[in-house]
Amino acid sequence: MAEFLLEIFSEEIPARFQPLAQEHLLTLAQTKLKKLSLEYTSIQAFSGPRRLGLVVRGLPLHQPDMHEERKGPRIEAASQAIQGFLASAGVSREECTEIEVDGKGTFLFAKISKKGEKTEKLLAEMIQEIIQEFHWPKTMRWGSYAMAWARPIRGILALFEGRALPVLLEDPAILSTHTTQGHRFLSPQAIEVKDFSEYEKKLEENYVIVDGSKRQKKILDQIHHLLEGKDLYLKEDPGLLEEVTGLVEWPRVLMGKIEDRFMTLPSEVLMTSMKVHQRYFSLQDKKGTLAPFFLVVSNMETADKGHQIVEGNERVLRARLRDAIFFWDQDVKVPLHKWNHALKNRIFHGELGSIQEKGERLAGLGTTLLLQLPLADTDEAQEAARLLKADLATAMVGEFPELQGIMGSYYAKAQGVKASVAQAIRDHYAPMGPNDFCPTAPLSVLMALADKLDTLVGFFGVGIFPTASKDPYALRRTALGIIRLILENKLDASLPDLIGAAYAQYGFFKREDQAKTTTLVQEFIQDRLKVYFKPLFDHDLINGVVGEGWNGNILKAHEELMALRVFLAEEEGQNLLKAYKRVANILKQSADVTDGTIDPTLFEAPEIALYETLQGVQKELGPLLGSSIPEYKKIFGVLGRLASPLGSFFDNILVQAEDPSLRLNRLALLGLVRQTMLKAASFEGL
């Protein structure tokens, strides 16, 4: 058993490319090794700023011999078909056997044997295929090479059993060798290795930690050591940690200071400037307040223990924050609503008008939604809608787009705008994903819902939909935001009404297209709702409640699912569901025509018991089903009383009686049972 080591050495690969590239390389290698029938004991991929590679252990020296019996066409098949089979199998007609197959005729069978090749030859070919087939988010070409890669390739290390594999990429040649390179500045010389253990050890001696998880652990360990005893705490940011891990080969964490004069800026400005522009980590004190320090992860080991690196980073941050203070001072002087004038020239989308026009639609939509969802005062809603997008024209948001909404909220507070309006400006973009916070303040909920409805209905109204692979306007995320706003704030809202209200704000949309657009948007949200419910409820439950014929009330669907899940986990619920299915099958299969009229004088004792129980159930269900959000727990408790009399009915009564009057009477009774149960819950799809 042998070890295979591959390293593709290149210029700096963007950190955001590395995790997917590592996974892609692993998948490609696994697929190709399986196709070559090369088994192994372990496989591991790794990535870093300048290298992408993998190590495979426990490979055989030779590919196993292959023996296969391949079935061909019938012996009387056309000559062209037979010749094609012989050519593909690489055998002559005389080398084939004729076998009769289960009375279907006599077929040709070819026995194919192929001697396994040397593993090193197959691996050399596999490397070339991987490089040719590899998918990057973006690629580039360099020099006179025809190949494309994320960044220019500078070398290939490919070892099998300690020997360099003969890999030639193209002319001018990039030849595989048994050498790699250490840290670009600290140890740039060539390093000769014979296996992965030596490769990992020698690179670490030359200031390169190959394994990304080890680099990440080293960063966290250094942070912990640096902050120990200082009453400072890391503001955790997994995304930034992963990115920084991909930027350095030899991490060294250093601490810098933020000048006191800059601490008057909103904390989000400081954190965004540090994270987005400089990749610094923010620190907090024990109260959770932003501290006047930052952490930078250097890729260098210096004699002065990083003193000059810290000074340089403090100088760069100082310049950026001076700009931020200037932007703040200039922006806050202008009343927030006046920034709206500049938004008439900012396009929201070519077919949907400017951002200013979107703001006008939101003002109208917010007022309309209040008729369904009394979440706020009309004047408050109007003011918030007028100010929601104003900060997009400010200098601060121009420099830090990530702060849209946040800066509008700060400027509003500084200018004496009502606190609820300022909060709505800040919150209306949320939630921006499954893990983002969801607004709960009433005005914030109203504005966030209006913003997302306007976007979703607008794009669907002009025929722009997400595809299986592309969603450039994040419409799936927008639909999820609508779902979370409704569920997490328990809004009794009808999707057709919400969608219709948003559609009405687009003055250039045709009224005759409203029904079609409403259906498309509701079906889209319905699909996202099923995905949202998938981890929470069984597939059949979801399809039963949010399937065909769903009325578009998200909150009711969720309440029903929760109660139905509990009810069906109990014996009574299971018995009632089985009885319902039996009722539905009988009614479906019956060819009799009934007007639904029931004659109680024809009942036998089990029928009387069922009928009387059914009447009591209907009487109790009326008020329960009439409430805005039905109390499904009570509803199923009432319905459960039907389980026993239905069981007794089926045990003792023959529905398909010979006497037509008895048969029709019993079918009518079962029809009333089904009608009652379907009014209460979505049993039909279960």
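Leu446 is buried, with a relative accessible area of 0% (buried means under 20% relative accessible area, exposed over 50%, partly exposed in between, with a 1.4 Å probe and protein chains only). This is a predicted model: local features need pLDDT of at least 70, side-chain atom pairs count only at pLDDT 80 or more, and totals for chains, interfaces and linings use all residues. Residues are numbered from 1 along each chain as its sequence is written, and side-chain values use heavy atoms, leaving out hydrogens and water.

**Leu446**
- Leu446 sits in helix 14 (residues 442–461); helices are DSSP runs of H or I, at least four residues, numbered from the N terminus.
- Leaving aside residues up to four places away in sequence, Leu446 touches Gly366, Leu369, Leu370, Leu375, Ala376 and Ala381 (contact means heavy atoms within 4.5 Å).
- Ala384 is 62 residues from Leu446 along the chain, with 9.9 Å between their C-alpha atoms.

**Helices 16 and 17**
- Helix 16 (residues 495–504) packs on helix 17 (residues 514–533) at about 125 degrees, axes 10 Å apart; axes are lines fitted to C-alpha atoms over the stretch in contact, and angles run from 0 to 180 degrees between N-to-C directions.
- Helix 16 is therefore oblique to helix 17 (under 35 degrees is roughly parallel, over 145 roughly antiparallel, 65 to 115 roughly perpendicular, the rest oblique).
- Helix 16 contributes Leu495, Pro496, Ile499, Gly500 and Tyr503 to the contact. Helix 17 contributes Gln514, Thr517, Thr518, Val521, Gln522 and Ile525.

**Helix 23**
- Ala643, Pro645, Leu646, Phe649 and Phe650 are the buried residues of helix 23 (residues 643–652).
- These buried residues pack against helix 20 (571–589), helix 21 (605–626), helix 22 (632–639) and helix 24 (660–680).

Note on methods:
Helix = DSSP H or I, 4+ residues; strand = E, 2+ residues; numbered from the N terminus.
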